[in-house]
Amino acid sequence: MSTVHDVLARLRADRDFMRDVCDWQRAPARPARFTEFPAGLDPRLREAMKRRGIAQPYEHQAQSIAATLRGEHVVVVADAAGGKSLCFHAPILDALLRDPSARALCLFPTKALAQDQLASLRSMVAACQAPVADHSSSIVRTYDGDTPQAQRAEIRRDVRVLITNADMLHVGILPHHTRWASFFRQLRYVVVDEMHAYRGIFGSHVANVIRRLKRLCAFYGANPRFILASATIANPREHAERLIESPVTLVDDDGSPHGERNVIIVNPPLTDPQLGLRRSADFVARDIAARFIAEGLQTICFARSRNTAEVLLAYLQQTVGGSAWQSQLPSPQLSGSPVRGYRGGYLPEERRAVEQSLREGSARGVVATNALELGIDIGALDACVMLGYPGSIASFWQQAGRAGRRQGPSVAVLVATPDPLDQYLAAHPDYLFRQSPEHARIAPDNLGVLAAHVTCATFELPFTRGERFGRAEVDDLLDALAEEGQLHASGVGGLPLFRGASDGQLATRYTWVGEGYPADRVSLRSVGERVSIVDEHGNLIGETERHTAPARVHPGAIYLHQGQTYLVTELNWEIGRAVVRRADVDYYTQPSTVSEVIVVREFDRPSRPQPDYGTCAPASGEIEVTTTVVRYRQVQFGTHRTLGWGEVNLPSQKLLTTGYWFAIPESICRQLEREGLIGLPNDYGPNWEQQRQAARARDGYRCVICGEPESPHRQHHVHHRRPFRAFGYVPGENDFYRQANDLDNLMTVCPSCHAKIETAQPVNRALSGLCYLLANLSPLFVMCDPSDLAATFDVANPHTRLPTITLYELTPGGSGLADELMAHHQALLKMAAQRVRECPCEQGCPSCVGPAEPATGAHERNLKLDVARLIELIL
């Protein structure tokens, strides 16, 4: 079996491999920096840790423990496998040894991580050789959705260290706090592990759950200390203080050791320089991972999406499963399935089995989404292969750190995809190695999030007027909720207040009067309800979020699970169930969507000085996005060739979120139009509005294709059967608009059907190409997943009345990403210009402005040059 150094030496000698290497960084091994345990730590605990082989703590562990024992809230930042767990294990066990009635609450973002910590904490308790050690299995317990009902009363009675997650705290503990009264009264510590995971809309919800927790603790007379642990981000103290709304001590002097680290950036070779096409990144990642596994390195592969993970798993299982590779595997019991899959949507027992097989070594490789990015113990891996940049610098180093977690040498390889972001990093690897990690952002006062948790908090304890919810003033919100009938407002002496009460009659107390308990209807994520995926016999295969179901499990879609292909035969939208059957096909499916954006409210511009944006100053605000999956593409495995298309007829999904936009001034528009880069809207003649209204009325305000009625808030489109331009109308010279706008030439269509039947004018491809580029580069400026943002354009935006590009968040209500991205507006445009200049293609490709579809005749243009010119004029 080869060592990591053996494999690296062979890679360096491999000319074909080195030809595609953009950068190879080596970080030497770093020794540990030890110190003594804080003097205030219980001696029995120090002895217990010595028995477990921990004679001395790392410096950051000692600093964190000392600060916690002084009564401070602490956030500790260290590398993967940097011993962050001891920073909260030690104070908790110290409290238990001194006071057996003390309680601790530990929040972990995943059940798998909770199970890891359960085993670790129980073994630490057992090692203490004190009375508390005799009951380690009963005083350290998990409490989540998998906990049997029969055990829950016993857990509430006996538990001292409760391991759970934010979802269970939100829906299963806080609303039933009276059953947990003794636990809350004695609560000393609250642990928030993997703090960096609590960002965006999820983090905004969790911050409000913590507000509710602190409110109940105060009611029961407790004031617990918070211990937060995080991977490296740019603003750990700020983020921690935003989450718990209290001053926090930062400990970030990481004293843990790590082995030698090799990080390699690989860009697949060009196969068609003219079109900018490269060899499939899937195949390159497969070959590198298969090589590592064949040479004895236990390897983890990360993919950015479930679909990509399943495609890579199928490729890798086929490659490694062949006899040529199988004969080189280090032990015979690995034959059959040495490579496993791991992602959200797998059943819990499947994920536990994969984790166990990795720890035992029976699995030599695993293909995962970011579900394995967090600190689950999966043993000592040797190599990591990332198929595409994971979306943030913090995630990149977190994934790379999954290899070499036990001080041995390791190798991490990033294989660049054709996406513009990946190609930018391949051309500028210094950006990845030198750039600081991003800021984690949350918006706990997002009105939709705040209102949901104020109702939950009122159910738990009545509010009194003037009471703050964390740092938020909520009197007006309470009045509004009372006006809606969700809360009961009572005045002095408890007298009820009715609608129409005089200004002098102010409510002093608010109580919940709705049905059930509100937490059951509030999701901590933007995903909402879920859709079950079952086979034709009713067996549960997996599940997906309801709002993503039209894209993932529409009829005709290929659903990939554990490397197997399933054809979706039915999607029952009402009951939330998709039916699939096994299908031996050589393709997967990609959805095609249409989005409409309406500005609901423009935010006031901040009073602080703004950058000089030139003539294209951006603005931000609330927007409503309506997205419809209109069709799907069948893509052949291996060649990525389009085999065919299919139609999708499912309900549109509406999203109220935040975004930022910039309009192209009229003077620049005229220049762009003269150069043929954009096509401004037609002047449909003086009778257009009259004829448009008449066509809608004639068609009964319904789409003539699908029959969908108009929404009260948005009119349908009216489409010219024969294109308007074909009639040759020239204002002031002829009246050909009359023929063009004849009712027989008009039809009422909904936006999604309009998108299917109307071919976009080629001259507007420059706007589309710029949207593609901006959306793909945006994650370099904000801490988010690539799928958290989108961009679209409108040649006549209703809000600006000009050609406008909008970048928006794909999470309800937004979480501050759009505002932060707007602050980088100029840098984003300059990076886009740089990507276009550096791309080796001739006409445009997926690595810069998107695929350049063939254009013919008078409209034949070079998309890449058009986008470059468009950016030049905007800048």
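Phe459 is partly exposed, with a relative accessibility of 28%. Tyr517 is partly exposed too, at 24%. Here buried means under 20% relative accessible area, exposed over 50% and partly exposed in between, with a 1.4 Å probe and protein chains only. This is a predicted model: local features need pLDDT of at least 70, side-chain atom pairs count only at pLDDT 80 or more, and totals for chains, interfaces and linings use all residues. Residues are numbered from 1 along each chain as its sequence is written, and side-chain values use heavy atoms, leaving out hydrogens and water.

The structure holds 18 aromatic pairs. Rings of Phe, Tyr and Trp (its six-membered ring) pair if their centres lie within 6.5 Å; planes under 30 degrees apart are stacked, over 60 edge-to-face, the rest tilted. Phe459 and Tyr517 form a tilted pair, because their ring centres are 5.9 Å apart and their planes stand at 35 degrees. Phe459 belongs to helix H20 (residues 447-460), while Tyr517 sits in the loop between strand S21 (509-512) and strand S22 (530-535), so the pair ties together parts 58 residues apart in sequence. Helices (H or I, at least four residues) and strands (E, at least two) are DSSP runs, numbered from the N terminus.

Strand S21 also belongs to an open sheet of 3 strands, ordered S17-S21-S20 with antiparallel pairing. Strands S17 (463-464) and S20 (487-490) are at the edges with a single partner strand each, so one side of each lacks a neighbour in the sheet. Two strands pair if DSSP finds at least two bridges between them. S17 and S21 are joined by 2 bridges. Phe463 has Tyr510 in S21 as its bridge partner.

Elsewhere, ring pairs link Tyr143, Trp180, Phe183, Phe184, Phe219 and Tyr220 into a cluster. The charged end of Arg152 sits over the ring of Tyr143, 5.3 Å from its centre. That label requires NZ of Lys or CZ of Arg within 6 Å of the ring centre and within 35 degrees of the ring normal.

Now the interior. A nonpolar core is a set of buried Ala, Val, Leu, Ile, Met, Phe, Trp, Tyr and Cys residues joined through side-chain atoms within 4.5 Å. The largest has 108 residues; Leu372, Phe662, Leu774, Leu780 and Leu870 touch the most other members. Beyond neighbours within four places in sequence, Leu774 is in contact (heavy atoms within 4.5 Å) with residues including Phe662, Ile805 and Leu828. A second, separate core of 44 residues includes Val75, Leu187, Tyr198 and Ile233.
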